[in-house]
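This report describes one protein chain in plain terms. Look at the sequence and the structure first, then read on.

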Amino acid sequence: MQQIVTSSDPDVGTFVCPRCKAIWRAKGEFEHFLGGWHYNNDDLCPRGCRNFLSLRIRGDEIV
């Protein structure tokens, strides 16, 4: 079983790509107007994975 160490900084999220399973971290900020955390497209897969519409895949946040 693989253990993932998350950051102690509450502004940093750990993401995993649902397609290639790449793991990365991104720093975000809480946007009151958007109603949640915003990562300025740093939550997109760094390997450039795309869906069937050729849009970049957003990673799933690991909690």
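The chain has zero helices and five strands, and the elements run β-β-β-β-β from the N terminus on. Helices (H or I, at least four residues) and strands (E, at least two) are DSSP runs, numbered from the N terminus. This is a predicted model in which local features need pLDDT of at least 70 and side-chain atom pairs count only at pLDDT 80 or more, while totals for chains, interfaces and linings use all residues. Residues are numbered from 1 along each chain as its sequence is written, and side-chain values use heavy atoms, with hydrogens and water left out.

Some values for the whole chain come next.

| Property of the chain | Value |
|---|---|
| Span of the C-alpha trace along its principal axes | about 35 × 30 × 15 Å |
| Accessible surface (Shrake-Rupley method, 1.4 Å probe) | about 4900 Å² |
| Part of that surface belonging to carbon and sulfur atoms | 51% |

Among contacts (heavy atoms within 4.5 Å) with a separation of 6 or more, 34% are between residues 24 or more positions apart. The chain carries 8 positive side chains (Lys and Arg) and 8 negative ones (Asp and Glu). The centres of these two sets lie 12 Å apart, with each charge placed at NZ of Lys, CZ of Arg, CG of Asp or CD of Glu.

Two strands pair if DSSP finds at least two bridges between them. Strand 1 (residues 12-16) and strand 2 run antiparallel and are joined by five bridges. Gly13 stands opposite Ala26 in strand 2. In the hairpin of these two strands, six residues lie between them, and Lys21 takes a positive phi near 65°.

In a regular strand the side chains alternate between the two faces of the sheet. The covered face of strand 2 has Trp24 and Ala26, whereas Ile23, Arg25 and Lys27 are on the uncovered face.

How values were computed. Buried < 20%, exposed > 50% of the residue type's maximum accessible area, 1.4 Å probe, protein only.
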